[in-house]
Amino acid sequence: MAQAKINQAKMTEAAKGKFSRSMSMADRSGRLLESLDQLEIRVEALREAATSMEQERECLLDMIQSIKNSEEMRSICDGEREELSLTANRLLGRTLTVEISVEIIRNSTQEDALRKATSLIDELAAKLLDDMDGARKHLMALHAACVTEAPPVPIDTKFQTIVITCALEDQKKIKRRLETLIRNVDNAEKNIKIMDHQKVDDLNSANGK
């Protein structure tokens with residue numbers, strides 16, 4: 001009888017010990033999960049910050065190029081233009097030394113869609129000089145496929161289907177690239193008009209008008 005009580009006591013103590021260890025493991029698991037949740041927030045914040053820096057780099061490069069090709073740059077004297085061009089090239093070089101890469105997680109369907117979208121844009125970009133006006137209209141149609149609000153131009157529905165299939169981060173990058181190309185076309189057209197105007201002025205001056 002006494003031995004039975006002793007055995008029962010041992011079993012009770014063992015059960016208590018097991019229960020205590022289980023609670024301790026649960027507490028540790030909870031703390032680890034909480035730590036990982038906090039780290040996940042920081043990881044996402046890091047990715048957002050890196051993406052923002054990547055966009056800032058693109059913006060800076062675009063602005064520097066715009067200044068280099070601007071009407072104001074063409075209207076100043078050669079000496080000042082040369083000095084400002086050197087400064088712009090120095091800023092361009094320093095900006096290019098900054099490399100930021102945020103890897104986008106994609107499935108096979110998204111990778112295929114990105115390849116198709118990139119290929120279409122590359123083909124169009126290669127034809128810009130051949131037909132700038134037509135290329136601009138096509139760029140606007142592609143860009144219209146990337147915006148949620150109703151655009152004032154026709155939408156390339158085939159391209160829209162491809163873009164929708166891309167990862168969300170890729171959709172944003174495609175939209176930004178199209179916007180950059182459209183700005184470049186606008187600047188190029190502006191510069192061509194300026195050059196044509198200068199040619200007319202030079203011709204009139206040569207004719208004494």
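Which element gives the largest share of the lining of the largest pocket? In this predicted model, that element is α7, with 10 residues.

The protein is built from helices. There are 7 of them, and the count of strands is 0. From the N terminus on, the order of elements is α-α-α-α-α-α-α. The chain has 209 residues, and 21% of these count as buried. The accessible surface comes to about 15,400 Å². Carbon and sulfur atoms hold 57% of that surface. Contacts across the sequence were also examined. Among contacts with a separation of 6 or more, 70% join residues 24 or more positions apart.

The largest pocket has a volume of about 430 Å³. Two elements give two or more residues to its lining: α1 (2–68) and α7 (168–206). The lining consists of 19 residues. Nearest the centre of this pocket lie Glu58, Asp62, Thr180, Arg183 and Asn184. By class, the lining holds 8 charged, 8 polar and 3 nonpolar residues. The position of the pocket can be stated in terms of domains. Domain 1 (32–102) and domain 2 (107–198) each give residues to the lining, so the largest pocket lies between them.

The second largest pocket has a volume of about 270 Å³. Here too, α1 and α7 are the elements that give two or more residues to the lining. In this pocket, α1 gives the most, with 6 residues. The lining of the second largest pocket has 13 residues. Those nearest its centre are Arg47, Glu48, Thr51, Glu169 and Lys172. Domain 1 (32–102) and domain 2 (107–198) each supply at least three residues to the lining of the second largest pocket.

Glu54 lies in helix α1. Its relative accessibility is 12%, so Glu54 counts as buried, the cut-off being under 20%. Leaving aside residues up to four places away in sequence, Glu54 touches Ile100 and Lys173.

Arg176 lies in helix α7. Is Arg176 buried or exposed? At 18% relative accessibility, Arg176 counts as buried, because this value too is under the 20% limit. Its partners, again without residues up to four places away in sequence, are Gln55 and Glu58. Glu58 is also one of the residues nearest the centre of the largest pocket.

Gln65 is placed in helix α1. Its relative accessibility of 32% makes Gln65 partly exposed, because buried requires under 20% and exposed requires over 50%.

For the largest pocket, α1 and α7 each give two or more residues to the lining, and α7 has the largest share. For the second largest pocket, α1 and α7 again each give two or more, while α1 gives the most.

Definitions and conventions:
Residues numbered from 1 in each chain as written. Predicted model: local features only at pLDDT ≥ 70, side-chain atom pairs only at ≥ 80, totals over all residues. Heavy atoms only, no water. Helix = DSSP H or I, 4+ residues; strand = E, 2+ residues; numbered from the N terminus. Buried < 20%, exposed > 50% of the residue type's maximum accessible area, 1.4 Å probe, protein only. Contact = heavy atoms within 4.5 Å. Areas by Shrake-Rupley, 256 points an atom, 1.4 Å probe, with all protein chains shown as cover. 1 Å grid on protein atoms, 1.4 Å probe; cavity = no way out; pocket = protein on both sides within 12 Å on 5 of 7 lines; lining within 4 Å. Points joined across faces, edges and corners; volume = space filled by probe spheres on them. Nonpolar A, V, L, I, M, F, W, Y, C, P; charged D, E, K, R; others polar. Domains from an automatic or database assignment.
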